[in-house]
Amino acid sequence: MPTFLQQLRVDWPAASERAATEALRSRALAELTPARNAEALPPGALGRVCLKELVDERGRTTGYDPNLDSCLVTEDLLAVLAELQQAVQDWAEDSSLGLAAAPDAGADSCMVVHVVSCEEEFQQQKLDLLWWKLDDQAPLRQKHLVCGPVKVAGAPGTLTAPEYYELRHAQVCKASALKHGRDLAQDPAWMEIFRVLSVATIKFEMLSTAPQSQLLLALADSSISTKGTKSGTFVMYNCARLATLFESYKCSMEQGLYPTFPPVSSLDFSLLHDEHPSPPQGEWLLLFNSVLPFPDLLGHTAALPCTAPGLHITARTEMVCKFLVQLSMDFSSYYNRVHILGEPRPHLFGQMFARLQLLRAVREVLHTGLAMLGLPPLSHI
(Lines give C-alpha, C1' and ligand atoms only; values in the text may rest on other atoms or scores of the structure.)
Protein backbone atom coordinates (compact mmCIF):
# COMPACT_ATOMS: atom_id res chain seq x y z
CA MET A 1 0.00 0.00 0.00
CA PRO A 2 2.76 2.58 0.70
CA THR A 3 4.01 2.16 -2.90
CA PHE A 4 0.52 2.86 -4.23
CA LEU A 5 0.24 5.94 -1.99
CA GLN A 6 3.59 7.19 -3.23
CA GLN A 7 2.30 6.81 -6.78
CA LEU A 8 -0.64 8.99 -5.75
CA ARG A 9 1.80 11.59 -4.37
CA VAL A 10 0.67 10.97 -0.79
CA ASP A 11 3.30 11.57 1.87
CA TRP A 12 3.62 8.25 3.66
CA PRO A 13 6.28 7.36 6.26
CA ALA A 14 8.51 4.54 5.09
CA ALA A 15 9.87 2.53 8.02
CA SER A 16 12.88 0.43 7.13
CA GLU A 17 12.48 -1.86 10.10
CA ARG A 18 9.71 -2.99 12.41
CA ALA A 19 9.14 -0.49 15.20
CA ALA A 20 10.14 -1.66 18.67
CA THR A 21 7.27 -3.12 20.71
CA GLU A 22 9.01 -4.18 23.92
CA ALA A 23 7.61 -1.39 26.11
CA LEU A 24 4.11 -1.86 24.74
CA ARG A 25 4.30 -5.61 25.24
CA SER A 26 5.37 -5.23 28.87
CA ARG A 27 2.53 -2.79 29.56
CA ALA A 28 0.03 -5.05 27.78
CA LEU A 29 1.07 -8.08 29.84
CA ALA A 30 0.48 -6.09 33.00
CA GLU A 31 -3.00 -5.07 31.80
CA LEU A 32 -4.23 -8.46 30.62
CA THR A 33 -7.47 -9.70 32.09
CA PRO A 34 -7.66 -13.32 33.31
CA ALA A 35 -8.72 -15.78 30.62
CA ARG A 36 -12.36 -16.78 30.83
CA ASN A 37 -13.21 -20.47 30.90
CA ALA A 38 -9.74 -21.46 29.75
CA GLU A 39 -10.18 -19.45 26.57
CA ALA A 40 -7.89 -20.67 23.82
CA LEU A 41 -5.91 -17.79 22.33
CA PRO A 42 -5.03 -17.76 18.63
CA PRO A 43 -1.36 -17.85 17.60
CA GLY A 44 0.42 -14.55 18.21
CA ALA A 45 -2.14 -13.37 20.80
CA LEU A 46 -1.03 -12.31 24.26
CA GLY A 47 -4.47 -12.05 25.83
CA ARG A 48 -7.30 -9.59 26.26
CA VAL A 49 -7.28 -6.06 27.68
CA CYS A 50 -10.45 -4.50 29.08
CA LEU A 51 -11.41 -1.26 27.34
CA LYS A 52 -14.87 -0.56 28.72
CA GLU A 53 -13.51 0.91 31.95
CA LEU A 54 -11.24 3.25 30.00
CA VAL A 55 -14.15 4.61 27.99
CA ASP A 56 -16.14 5.19 31.18
CA GLU A 57 -13.18 6.75 32.98
CA ARG A 58 -12.40 9.17 30.20
CA GLY A 59 -16.02 10.14 29.70
CA ARG A 60 -15.47 9.83 25.97
CA THR A 61 -18.28 7.46 25.10
CA THR A 62 -19.70 9.80 22.46
CA GLY A 63 -19.15 8.14 19.13
CA TYR A 64 -17.65 4.91 20.41
CA ASP A 65 -19.45 1.68 19.63
CA PRO A 66 -21.52 0.67 22.69
CA ASN A 67 -20.40 -2.94 22.20
CA LEU A 68 -16.76 -2.11 22.91
CA ASP A 69 -15.67 -4.30 25.76
CA SER A 70 -12.21 -5.79 25.38
CA CYS A 71 -9.43 -6.03 22.83
CA LEU A 72 -7.48 -9.11 21.83
CA VAL A 73 -3.85 -7.99 21.96
CA THR A 74 -1.65 -9.54 19.29
CA GLU A 75 1.91 -9.00 18.19
CA ASP A 76 0.67 -7.45 14.93
CA LEU A 77 -1.52 -5.00 16.84
CA LEU A 78 1.40 -3.97 19.03
CA ALA A 79 3.49 -3.42 15.91
CA VAL A 80 0.83 -1.05 14.55
CA LEU A 81 0.77 0.85 17.84
CA ALA A 82 4.56 1.11 17.78
CA GLU A 83 4.38 2.63 14.29
CA LEU A 84 1.83 5.17 15.55
CA GLN A 85 4.14 6.03 18.43
CA GLN A 86 6.99 6.54 15.99
CA ALA A 87 4.83 8.73 13.76
CA VAL A 88 3.99 11.01 16.70
CA GLN A 89 7.67 11.12 17.65
CA ASP A 90 8.65 12.04 14.09
CA TRP A 91 5.96 14.72 14.01
CA ALA A 92 7.26 16.27 17.21
CA GLU A 93 10.83 16.29 15.92
CA ASP A 94 9.75 17.91 12.66
CA SER A 95 7.59 20.55 14.33
CA SER A 96 8.88 23.98 15.19
CA LEU A 97 8.76 23.19 18.90
CA GLY A 98 10.09 19.67 19.08
CA LEU A 99 10.02 17.48 22.15
CA ALA A 100 13.09 19.16 23.61
CA ALA A 101 11.39 22.55 23.67
CA ALA A 102 7.99 21.19 24.62
CA PRO A 103 8.18 17.82 26.38
CA ASP A 104 4.41 17.44 26.38
CA ALA A 105 3.96 18.40 22.74
CA GLY A 106 3.23 14.82 21.75
CA ALA A 107 0.30 14.64 24.13
CA ASP A 108 -1.14 18.13 23.93
CA SER A 109 -0.38 19.48 20.47
CA CYS A 110 -0.63 16.46 18.20
CA MET A 111 -3.93 15.18 16.91
CA VAL A 112 -4.13 11.76 15.30
CA VAL A 113 -6.73 11.19 12.60
CA HIS A 114 -7.58 7.55 11.95
CA VAL A 115 -8.71 7.30 8.32
CA VAL A 116 -10.51 3.99 8.22
CA SER A 117 -13.08 2.13 6.15
CA CYS A 118 -16.51 1.59 7.61
CA GLU A 119 -15.83 -2.16 7.73
CA GLU A 120 -12.77 -1.65 9.95
CA GLU A 121 -14.10 1.15 12.17
CA PHE A 122 -14.93 -1.13 15.12
CA GLN A 123 -11.41 -2.55 15.20
CA GLN A 124 -9.88 0.89 14.78
CA GLN A 125 -11.77 2.16 17.81
CA LYS A 126 -10.23 -0.68 19.79
CA LEU A 127 -6.79 0.34 18.55
CA ASP A 128 -7.47 3.95 19.54
CA LEU A 129 -8.41 2.98 23.09
CA LEU A 130 -5.66 0.40 23.43
CA TRP A 131 -3.13 3.11 22.61
CA TRP A 132 -4.47 5.17 25.49
CA LYS A 133 -4.37 2.12 27.73
CA LEU A 134 -0.78 1.16 27.03
CA ASP A 135 0.93 4.52 26.42
CA ASP A 136 0.78 7.41 28.88
CA GLN A 137 2.15 9.69 26.13
CA ALA A 138 -0.57 8.85 23.63
CA PRO A 139 -2.05 11.99 22.00
CA LEU A 140 -4.97 13.38 23.94
CA ARG A 141 -6.86 14.07 20.72
CA GLN A 142 -7.73 11.20 18.43
CA LYS A 143 -10.40 11.49 15.75
CA HIS A 144 -11.83 9.02 13.26
CA LEU A 145 -12.59 9.80 9.63
CA VAL A 146 -14.70 6.90 8.40
CA CYS A 147 -14.84 6.24 4.67
CA GLY A 148 -17.66 4.43 2.91
CA PRO A 149 -17.16 1.27 0.87
CA VAL A 150 -15.65 1.32 -2.62
CA LYS A 151 -17.43 -0.81 -5.21
CA VAL A 152 -16.50 -1.52 -8.81
CA ALA A 153 -19.37 -1.28 -11.31
CA GLY A 154 -19.92 -4.46 -13.29
CA ALA A 155 -16.95 -6.29 -11.77
CA PRO A 156 -17.79 -9.36 -9.66
CA GLY A 157 -14.21 -9.82 -8.43
CA THR A 158 -11.91 -7.57 -6.47
CA LEU A 159 -9.53 -4.93 -7.77
CA THR A 160 -6.39 -4.15 -5.80
CA ALA A 161 -5.10 -0.60 -5.43
CA PRO A 162 -2.02 -1.21 -7.64
CA GLU A 163 -4.22 -2.83 -10.31
CA TYR A 164 -6.51 0.20 -10.19
CA TYR A 165 -3.60 2.58 -10.72
CA GLU A 166 -2.14 0.52 -13.57
CA LEU A 167 -5.54 0.39 -15.27
CA ARG A 168 -5.97 4.15 -15.13
CA HIS A 169 -2.39 4.72 -16.27
CA ALA A 170 -2.89 2.43 -19.28
CA GLN A 171 -6.12 4.26 -20.16
CA VAL A 172 -4.39 7.65 -19.97
CA CYS A 173 -1.62 6.43 -22.29
CA LYS A 174 -4.19 4.97 -24.69
CA ALA A 175 -6.21 8.21 -24.78
CA SER A 176 -3.05 10.19 -25.48
CA ALA A 177 -2.03 7.83 -28.30
CA LEU A 178 -5.45 8.30 -29.92
CA LYS A 179 -5.21 12.08 -29.60
CA HIS A 180 -1.62 12.44 -30.87
CA GLY A 181 -1.66 9.57 -33.34
CA ARG A 182 1.31 7.81 -31.77
CA ASP A 183 2.31 6.01 -28.60
CA LEU A 184 4.06 8.40 -26.20
CA ALA A 185 4.07 6.13 -23.15
CA GLN A 186 7.82 5.48 -23.38
CA ASP A 187 8.77 9.04 -24.27
CA PRO A 188 10.67 10.47 -21.26
CA ALA A 189 9.18 13.90 -21.88
CA TRP A 190 5.69 12.49 -21.47
CA MET A 191 6.08 9.82 -18.79
CA GLU A 192 5.75 12.23 -15.87
CA ILE A 193 2.76 13.93 -17.52
CA PHE A 194 1.00 10.58 -17.85
CA ARG A 195 1.72 9.80 -14.21
CA VAL A 196 0.25 13.13 -13.11
CA LEU A 197 -2.82 12.62 -15.31
CA SER A 198 -3.32 9.12 -13.90
CA VAL A 199 -3.12 10.42 -10.34
CA ALA A 200 -5.46 13.31 -11.15
CA THR A 201 -7.97 10.89 -12.66
CA ILE A 202 -7.91 8.69 -9.57
CA LYS A 203 -8.04 11.50 -7.04
CA PHE A 204 -10.96 13.28 -8.68
CA GLU A 205 -12.76 9.99 -9.12
CA MET A 206 -12.38 9.02 -5.48
CA LEU A 207 -12.58 12.42 -3.78
CA SER A 208 -15.55 13.80 -5.73
CA THR A 209 -17.78 11.62 -3.58
CA ALA A 210 -18.22 12.53 0.10
CA PRO A 211 -15.81 10.26 2.01
CA GLN A 212 -18.54 8.77 4.19
CA SER A 213 -20.63 7.74 1.17
CA GLN A 214 -20.29 4.63 -0.98
CA LEU A 215 -18.08 5.11 -4.02
CA LEU A 216 -18.94 3.29 -7.23
CA LEU A 217 -16.00 3.10 -9.62
CA ALA A 218 -16.72 2.97 -13.35
CA LEU A 219 -13.66 1.49 -15.01
CA ALA A 220 -14.53 2.17 -18.65
CA ASP A 221 -12.19 4.22 -20.86
CA SER A 222 -14.88 6.90 -21.21
CA SER A 223 -13.86 8.38 -17.84
CA ILE A 224 -10.44 9.31 -19.28
CA SER A 225 -11.06 12.27 -21.55
CA THR A 226 -10.14 15.92 -21.81
CA LYS A 227 -13.62 16.53 -23.18
CA GLY A 228 -15.54 14.92 -20.34
CA THR A 229 -16.46 17.69 -17.94
CA LYS A 230 -16.43 15.60 -14.75
CA SER A 231 -12.93 14.18 -14.71
CA GLY A 232 -9.58 15.16 -13.30
CA THR A 233 -8.20 14.95 -16.82
CA PHE A 234 -10.55 17.74 -17.88
CA VAL A 235 -9.36 19.95 -15.03
CA MET A 236 -5.70 19.31 -15.85
CA TYR A 237 -6.40 19.99 -19.53
CA ASN A 238 -7.74 23.45 -18.72
CA CYS A 239 -4.82 24.06 -16.40
CA ALA A 240 -2.55 23.38 -19.38
CA ARG A 241 -4.61 25.70 -21.58
CA LEU A 242 -4.02 28.53 -19.13
CA ALA A 243 -0.29 27.79 -19.10
CA THR A 244 -0.23 27.84 -22.90
CA LEU A 245 -2.09 31.16 -22.97
CA PHE A 246 0.41 32.90 -20.71
CA GLU A 247 3.35 31.32 -22.50
CA SER A 248 1.97 32.65 -25.79
CA TYR A 249 1.68 36.13 -24.31
CA LYS A 250 5.27 35.93 -23.02
CA CYS A 251 6.62 34.85 -26.41
CA SER A 252 4.70 37.61 -28.20
CA MET A 253 5.93 40.19 -25.69
CA GLU A 254 9.55 39.07 -26.21
CA GLN A 255 9.02 39.48 -29.94
CA GLY A 256 7.84 43.05 -29.38
CA LEU A 257 4.23 42.41 -30.39
CA TYR A 258 2.83 43.22 -26.93
CA PRO A 259 4.10 45.59 -24.23
CA THR A 260 5.16 44.33 -20.80
CA PHE A 261 2.37 43.72 -18.32
CA PRO A 262 1.38 47.04 -16.74
CA PRO A 263 0.80 47.54 -12.97
CA VAL A 264 -2.49 46.08 -11.85
CA SER A 265 -3.51 49.44 -10.39
CA SER A 266 -3.45 50.93 -13.88
CA LEU A 267 -5.81 48.36 -15.44
CA ASP A 268 -9.34 49.34 -16.46
CA PHE A 269 -11.57 46.46 -15.42
CA SER A 270 -14.64 48.19 -16.83
CA LEU A 271 -13.38 46.82 -20.15
CA LEU A 272 -14.28 43.32 -19.00
CA HIS A 273 -17.32 42.44 -21.03
CA ASP A 274 -17.92 39.31 -23.02
CA GLU A 275 -18.09 39.82 -26.76
CA HIS A 276 -21.16 37.59 -26.83
CA PRO A 277 -24.13 39.46 -25.33
CA SER A 278 -26.10 36.38 -24.24
CA PRO A 279 -26.04 36.19 -20.40
CA PRO A 280 -24.32 35.29 -18.23
CA GLN A 281 -21.19 37.20 -19.23
CA GLY A 282 -18.23 34.85 -18.95
CA GLU A 283 -15.80 37.22 -17.28
CA TRP A 284 -18.11 38.10 -14.43
CA LEU A 285 -19.15 34.46 -14.15
CA LEU A 286 -15.51 33.53 -13.54
CA LEU A 287 -15.08 36.36 -11.05
CA PHE A 288 -18.22 35.87 -8.97
CA ASN A 289 -18.53 32.06 -9.21
CA SER A 290 -14.88 31.13 -8.78
CA VAL A 291 -12.36 33.80 -7.84
CA LEU A 292 -14.31 35.64 -5.14
CA PRO A 293 -15.87 32.56 -3.41
CA PHE A 294 -12.56 30.68 -3.26
CA PRO A 295 -11.40 32.02 0.14
CA ASP A 296 -14.68 30.85 1.68
CA LEU A 297 -14.18 27.42 0.14
CA LEU A 298 -10.71 27.28 1.68
CA GLY A 299 -12.18 28.19 5.05
CA HIS A 300 -14.62 25.28 4.87
CA THR A 301 -12.35 22.63 3.42
CA ALA A 302 -8.67 23.39 4.01
CA ALA A 303 -8.65 22.15 7.61
CA LEU A 304 -10.35 19.26 9.34
CA PRO A 305 -12.84 20.18 12.11
CA CYS A 306 -10.37 19.17 14.81
CA THR A 307 -12.16 20.94 17.66
CA ALA A 308 -15.57 19.45 16.91
CA PRO A 309 -16.97 17.40 19.81
CA GLY A 310 -17.24 13.64 19.54
CA LEU A 311 -15.09 10.97 18.02
CA HIS A 312 -15.84 11.39 14.32
CA ILE A 313 -14.93 14.11 11.86
CA THR A 314 -15.64 14.59 8.18
CA ALA A 315 -13.63 15.92 5.25
CA ARG A 316 -15.27 17.90 2.44
CA THR A 317 -13.07 16.74 -0.41
CA GLU A 318 -16.05 16.64 -2.75
CA MET A 319 -16.49 20.40 -2.41
CA VAL A 320 -12.96 21.05 -3.68
CA CYS A 321 -13.31 18.64 -6.61
CA LYS A 322 -16.70 19.96 -7.68
CA PHE A 323 -15.47 23.55 -7.39
CA LEU A 324 -12.45 22.86 -9.62
CA VAL A 325 -14.58 21.02 -12.17
CA GLN A 326 -17.10 23.90 -12.31
CA LEU A 327 -14.28 26.43 -12.59
CA SER A 328 -12.80 24.44 -15.47
CA MET A 329 -16.17 24.29 -17.21
CA ASP A 330 -16.70 28.05 -16.88
CA PHE A 331 -13.18 28.82 -18.05
CA SER A 332 -13.40 26.38 -20.96
CA SER A 333 -16.66 27.94 -22.14
CA TYR A 334 -15.19 31.42 -21.88
CA TYR A 335 -11.90 30.45 -23.54
CA ASN A 336 -13.72 28.86 -26.48
CA ARG A 337 -15.77 32.02 -27.07
CA VAL A 338 -13.31 34.84 -26.41
CA HIS A 339 -10.04 35.52 -28.19
CA ILE A 340 -7.86 36.68 -25.29
CA LEU A 341 -4.70 37.63 -27.16
CA GLY A 342 -6.01 39.94 -29.83
CA GLU A 343 -4.36 41.89 -32.59
CA PRO A 344 -1.26 43.78 -31.41
CA ARG A 345 -2.92 47.17 -31.62
CA PRO A 346 -2.55 49.71 -28.81
CA HIS A 347 -6.27 50.45 -28.53
CA LEU A 348 -6.93 46.75 -27.79
CA PHE A 349 -4.25 46.32 -25.11
CA GLY A 350 -6.39 47.66 -22.26
CA GLN A 351 -9.04 44.99 -22.62
CA MET A 352 -6.43 42.28 -23.23
CA PHE A 353 -4.53 43.10 -20.04
CA ALA A 354 -7.76 43.26 -17.99
CA ARG A 355 -8.67 39.81 -19.25
CA LEU A 356 -5.19 38.43 -18.62
CA GLN A 357 -5.26 39.75 -15.06
CA LEU A 358 -8.60 38.04 -14.46
CA LEU A 359 -7.20 34.80 -15.84
CA ARG A 360 -4.14 35.22 -13.63
CA ALA A 361 -6.52 35.08 -10.68
CA VAL A 362 -8.27 32.05 -12.20
CA ARG A 363 -4.92 30.35 -12.64
CA GLU A 364 -3.96 31.06 -9.02
CA VAL A 365 -7.25 29.61 -7.78
CA LEU A 366 -6.85 26.54 -9.97
CA HIS A 367 -3.24 25.92 -8.89
CA THR A 368 -4.11 26.37 -5.21
CA GLY A 369 -7.06 23.99 -5.48
CA LEU A 370 -4.92 21.37 -7.20
CA ALA A 371 -2.25 21.77 -4.51
CA MET A 372 -4.90 20.97 -1.89
CA LEU A 373 -5.33 17.63 -3.65
CA GLY A 374 -1.58 17.08 -3.92
CA LEU A 375 -1.53 17.66 -7.68
CA PRO A 376 1.02 19.78 -9.56
CA PRO A 377 -0.16 21.99 -12.44
CA LEU A 378 0.64 20.85 -15.96
CA SER A 379 1.93 23.18 -18.65
CA HIS A 380 0.85 20.93 -21.54
CA ILE A 381 -0.95 17.67 -22.19
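Q: The expected span of a helix is 1.5 Å times one less than its number of residues. How many residues does helix α10 have, and what distance does it reach from its first C-alpha to its last?

A: The model is predicted, so local features need pLDDT of at least 70 and side-chain atom pairs count only at pLDDT 80 or more, whereas totals for chains, interfaces and linings use all residues. Residues are numbered from 1 along each chain as its sequence is written, and side-chain values use heavy atoms, with hydrogens and water left out. Helix α10, residues 232-254, has 23 residues. From its first C-alpha to its last it reaches 33 Å, close to the 33 Å expected at 1.5 Å a residue. Gly256 follows α10 and has a positive phi, near 90°.

Q: How many helices and strands does the chain have?

A: Helices (H or I, at least four residues) and strands (E, at least two) are DSSP runs, numbered from the N terminus. In this chain there are 14 helices and seven strands.

Q: How is burial read, and what percentage of the chain is buried?

A: A residue is buried under 20% relative accessible area, exposed over 50%, and partly exposed in between (1.4 Å probe, protein chains only). Of the 381 residues in the chain, 41% are buried.

Q: What share of the contacts in the chain with a separation of 6 or more joins residues 24 or more positions apart?

A: Contact means heavy atoms within 4.5 Å. Residues 24 or more positions apart account for 76% of the contacts with a separation of 6 or more.

Q: How is a helix crossing read, and at what angle do α8 and α9 cross?

A: Axes are lines fitted to C-alpha atoms, for helices over the stretch in contact, and angles run from 0 to 180 degrees between N-to-C directions. Angles under 35 degrees count as roughly parallel, over 145 as roughly antiparallel, 65 to 115 as roughly perpendicular and the rest as oblique. The axes of α8 (residues 161-180) and α9 (residues 188-207) cross at roughly 120° and come within 9 Å. That angle makes α8 oblique to α9. Residues of α8 in the contact include Tyr164, Tyr165, Arg168 and His169, and those of α9 include Trp190, Phe194, Arg195 and Leu197.

Q: Which classes of residue make up the contact of α8 with α9?

A: Ala, Val, Leu, Ile, Met, Phe, Trp, Tyr, Cys and Pro count as nonpolar, Asp, Glu, Lys and Arg as charged, and the others, Gly among them, as polar. The contact of α8 with α9 has ten nonpolar, five polar and three charged residues.

Q: How do α9 and α10 cross: in a roughly parallel or an oblique way?

A: The axes of α9 and α10 come within 7 Å and cross at roughly 130°. That makes α9 oblique to α10. Val196, Leu197, Ala200, Thr201 and Phe204 of α9 make the contact with Gly232, Thr233, Val235 and Met236 of α10. Six of these residues are nonpolar, three are polar and none is charged.

Q: What is the arrangement of α11 and α14?

A: The axes of α11 (residues 282-291) and α14 (residues 346-372) cross at roughly 30° and come within 11 Å. That makes α11 roughly parallel to α14. On the α11 side, Glu283, Leu286, Leu287, Ser290 and Val291 meet Arg355, Leu358, Leu359, Ala361, Val362 and Val365 of α14. The contact divides into eight nonpolar, one polar and two charged residues.

Q: Where is Leu292 found?

A: Leu292 is in the loop between α11 and α12 (294-301). Its relative accessibility is 47%, so Leu292 counts as partly exposed. Leu292 and Val365 are 73 residues apart in sequence, and their C-alpha atoms are 9.7 Å apart in space.

Q: Is Val112 buried or exposed?

A: Val112, in strand β4 (residues 111-117), counts as buried because its relative accessibility is 11%. Not counting residues up to four places away in sequence, Val112 touches Val88, Trp131, Pro139, Arg141, Gln142 and Lys143.

Q: Which residues are in contact with Leu207, leaving aside neighbours within four places in sequence?

A: They are Thr317, Glu318, Cys321 and Leu373. Leu207 lies in helix α9 and is partly exposed, with a relative accessible area of 26%. The C-alpha atoms of Leu207 and Leu373 are separated by 8.9 Å, although these residues are 166 residues apart along the chain.
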